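Here is a short briefing on one protein model. Look through the sequence and the 3D view first, then read the points below.

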Amino acid sequence: MINNVYPWQESLFAHWVHAGEGRHHALLFHGKTGIGKLAFAQTLAAGLLCSQPQANGIACGQCQSCHWLAEGAHPDFREITPEDDDAADSSKKKTRKRQQIVIDQIRALHDYLALTSHQVGGMRVVLIHPLEAMNVAASNALLKLLEEPPQRTQFLLVSHQRQALLPTILSRCMQVDMPVPSHAQGLQWLQAQSVAQADWVWHYSGGAPTTVLQDDLDWHGWYQQWSPHLTRGAAMDIALAGGVLIKQGMAAAIQVLQKWLLDLWLSRHQLPLRYHPDAAATLQTLAAKLELSRLLAFQQQLNRFKMTAQHPLNQELQLEQLLLQYKKMFG
Ligand SMILES: [Zn+2]
């Protein structure tokens, strides 16, 4: 588990780690993807469980509790997240992530919380992320726990899409709007991680820099490979472009196209670009040739496609069909 908070979270962390008895039993950390919500919740969990935390509330990393956490075997900690599909799929290259948190996981949590905590006088921490991954049955089972919380149990809940949660769940939580980094904070942090082209990465991440690092990918290097293809517009070679774009999987390819399309749309409307300000001139030339109705139709198609991007079959073929739509936008 990560045991650190991002610079833009420091004051919030100090507040919650030191809140003591006044802390609500269920904290819901919500905000957009890529600003470090999960790392925050994990660090808070470690700090709350640690027997000798540092003055700033960060766990010591040395005590028995910290060792248990590091080994993923803390008796007073439970982390609930969509589980990987089981061994049946192990022959395939990419393990498929299950999409939902299911009721069996929450039932197991009920059983666990019915027992007393391991450490005398200690607290138990339950971390659930992302909360919107719970199906309805799981949500209702969790609701019971939130309504009648077990003693000395801290729920830490993380959500990227608060609007997808049941109102009954929301009403049982203290909602915490997670801070986003300023440009200066984000840039400084990326530079401290030795990220090449930090300013480009900042813009490309849409102000959500932690996502870029999680993917462990040289985003700018990849951009330099795919952008010349997309820049060709109607003259683009679909097979070549597809070959570059599929390298990071279908979901990443779709994200590239969505960001590029948004900036094409912005450029066409003479608005500031969001993700590719460095390519303003190129995008302007391309945008002038656009047929707007086709761009909008393609955007909708990509949105629909995103829902099924986990599907492993015929990804190359599917991507080539999408790229054909791309070319058609330019007449
Ligand atoms: Zn410790």
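Gln270 lies in the loop between helices H12 (250-268) and H13 (280-288). Helices (H or I, at least four residues) and strands (E, at least two) are DSSP runs, numbered from the N terminus. The model is predicted: local features need pLDDT of at least 70, side-chain atom pairs count only at pLDDT 80 or more, and totals for chains, interfaces and linings use all residues. Residues are numbered from 1 along each chain as its sequence is written, and side-chain values use heavy atoms, with hydrogens and water left out.

- Gln270 is not a glycine, yet its phi is positive, near 60°.
- Gln270 counts as exposed, at 65% relative accessibility. (Buried means under 20% relative accessible area, exposed over 50%, partly exposed in between, with a 1.4 Å probe and protein chains only.)
- Ser194 is another non-glycine residue with a positive phi, about 60°.
- Ser194 sits in the loop between helix H7 (183-192) and H8. It is exposed, with a relative accessible area of 66%.
- His129 and Pro130 are joined by a cis peptide bond, with omega about -20°.
- Pro130 belongs to the loop between strand E3 (124-128) and helix H5 (136-147).

**Aromatic pairs**

- The whole structure holds 13 aromatic pairs. (Rings of Phe, Tyr and Trp, the last by its six-membered ring, pair if their centres lie within 6.5 Å; planes under 30 degrees apart count as stacked, over 60 as edge-to-face and the rest as tilted.)
- Tyr204 and Tyr275 form an edge-to-face pair, because their ring centres are 6.3 Å apart and their planes stand at 65°.
- Tyr204 is in helix H8 (residues 198-204) and Tyr275 is in the loop between H12 and H13, so this pair ties together parts that are 71 residues apart in sequence.
- Both Tyr204 and Tyr275 are buried.
- Tyr223 and Trp226 are also edge-to-face, because their centres are 5.2 Å apart and their planes are at 75°.
- Helix H10 (residues 219-231) carries both Tyr223 and Trp226, three residues apart, about one turn of the helix. Both are buried.
- One aromatic cluster takes in Trp200, Tyr204, Trp219, Trp222, Tyr223, Trp226, Trp260 and Tyr275.

- Strand E1 (residues 26-30) has five of five residues buried, so the rest of the structure largely encloses it.
- Each face of E1 is covered. Ala26, Leu28 and His30 are buried on one side, and Leu27 and Phe29 on the other.
- E1 pairs with strand E4 (residues 153-159) in the parallel sense, over five bridges. (Two strands pair if DSSP finds at least two bridges between them.)
- Ala26 has Phe155 as its bridge partner in E4.
- E1 also runs parallel to strand E5 (residues 174-177), joined by four bridges.
- Gln175 in E5 stands opposite Leu28.

**The whole protein**

- The protein has 15 helices and five strands.
- Its C-alpha atoms fill a box of roughly 70 × 45 × 35 Å along the principal axes.
- Of its 331 residues, 47% count as buried.
- Among contacts (heavy atoms within 4.5 Å) with a separation of 6 or more, 72% link residues 24 or more positions apart.
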